[in-house]
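Student: I've got a new structure to look at. Can you walk me through it?
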Amino acid sequence: MAQRKQFIRHLQNGRFTPMADSRLAQFISASGANADFTRQMVRDMESDLGGSVLLAQTRATTEREDFCAQLATAPFKTTLIGAEQDRIAPLQRLAQSAALCGANLIKVEDAEHMFPLQKPELVATLLEQA
């Protein structure tokens with residue numbers, strides 16, 4: 001959490017720099033599905049959207065309210081979709097959240113953190129079925 005807050009301060013001071021290759025590799029490995037295409041798409045998004053969008057997204061995902069209690073009693077089914085090889089949001093942690101929230105968990109095999117970009121057709125199918 002401290003590292004994310006430091007990154008937010010860095011962005012607030014206007015010091016946006018593109019993601020280092022080593023950091024990008026945590027999101028997308030060289031052997032991942034559509035890896036080259038996905039890496040280039042992330043690079044293009046960085047270039048197009050810039051630091052202000054990254055700042056807003058990082059803020060929104062740093063300290064989130066826990067909605068597990070509400071989801072556990074919601075009058076609708078909740079489904080979480082996670083990637084088997086996600087190093088940013090590990091599947092084990094997602095499985096714990098699903099158990100606490102009473103949610104279904106769908107595991108996407110041979111996929112990483114950027115699986116919606118790596119396997120968009122599969123994600124669309126899973127969302128239709130959920």
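Tutor: Let's go from the overall fold to salt bridges and then the surface. Keep in mind that this is a predicted model.

Student: OK, how many helices and strands does the chain have?
Tutor: The chain has 7 helices and 2 strands.

Student: What pattern do they follow along the sequence?
Tutor: Reading along the sequence, you get α-α-α-α-β-α-β-α-α.

Student: And what box do the C-alpha atoms fill?
Tutor: Roughly 45 × 30 × 20 Å, taken along the principal axes.

Student: What share of the residues is buried?
Tutor: The chain has 130 residues, and 28% of them are buried.

Student: Let's talk helices. How do α1 and α3 cross?
Tutor: Helix α1 covers residues 2–12. Its axis comes within 10 Å of the α3 axis, and the two cross at roughly 155°.

Student: Parallel or antiparallel, then?
Tutor: Roughly antiparallel, because angles over 145 degrees count that way.

Student: Which hand does the crossing have?
Tutor: α1 passes α3 in a left-handed crossing.

Student: New topic: charges. Why would side chains pair up at all?
Tutor: Side chains of opposite charge can pair when their charged atoms come close.

Student: How many salt bridges does the count come to?
Tutor: The count comes to 5 salt bridges.

Student: Pick one. What does R43 meet in a salt bridge?
Tutor: One partner is D21, at 2.6 Å from N to O. R43 lies in helix α3 and D21 in helix α2, residues 21–27. They are 22 residues apart, so the pair links distant parts of the chain.

Student: Which residue in helix α3 is about one helical turn from R43?
Tutor: That's E46. R43 and E46 are 3 residues apart in helix α3, so about one helical turn separates them. They form a salt bridge too, with the closest N and O atoms 3.0 Å apart.

Student: And E46, buried or exposed?
Tutor: Buried. Its relative accessibility is 14%, and buried means under 20%.

Student: What links D21, R43 and E46?
Tutor: A network of salt bridges links these three residues.

Student: Which residue does K107 form a salt bridge with?
Tutor: K107 pairs with E84. The closest N and O atoms are 3.9 Å apart.

Student: Where do those two sit?
Tutor: K107 is in strand β2, residues 104–108. E84 is in the loop between β1 (79–83) and α5 (91–101). The two are 23 residues apart, and the pair links distant parts of the chain.

Student: How accessible are K107 and E84?
Tutor: K107 is partly exposed, with a relative accessible area of 43%. E84 is partly exposed as well, at 34%.

Student: On to the surface. Which residues form a nonpolar patch?
Tutor: M45, L49 and V53 do. Together they have about 230 Å² of accessible area.

Student: Where is M45 found?
Tutor: M45 is in helix α3, which runs over residues 35–62. At 32% relative accessibility, M45 counts as partly exposed.

Student: Last one. Where's E128?
Tutor: E128 is in helix α7, residues 120–129. E128 is exposed, with a relative accessible area of 70%.

Student: How far apart are the C-alpha atoms of E128 and T38?
Tutor: Those C-alpha atoms are separated by 23 Å, and the residues are 90 apart along the chain.

Terms used:
Residues are numbered from 1 along each chain as its sequence is written. This is a predicted model: local features need pLDDT of at least 70, side-chain atom pairs count only at pLDDT 80 or more; totals for chains, interfaces and linings use all residues. Side-chain values use heavy atoms; hydrogens and water are left out. Patches are made of residues with over 30% relative accessible area and no salt bridge: like charges are joined within 9 Å, nonpolar side chains (Val, Leu, Ile, Met, Phe, Trp, Tyr) within 5 Å. Accessible areas come from the Shrake-Rupley method with a 1.4 Å probe; for residues, only the protein chains shown count as cover. A salt bridge is a side-chain nitrogen of Lys or Arg within 4 Å of a carboxyl oxygen of Asp or Glu. Helices (H or I, at least four residues) and strands (E, at least two) are DSSP runs, numbered from the N terminus. Buried means under 20% relative accessible area, exposed over 50%, partly exposed in between (1.4 Å probe, protein chains only). Axes are lines fitted to C-alpha atoms, for helices over the stretch in contact, and angles run from 0 to 180 degrees between N-to-C directions. Angles under 35 degrees count as roughly parallel, over 145 as roughly antiparallel, 65 to 115 as roughly perpendicular and the rest as oblique. A crossing is left-handed if the near helix is turned anticlockwise from the far one by less than a right angle, and right-handed if clockwise.
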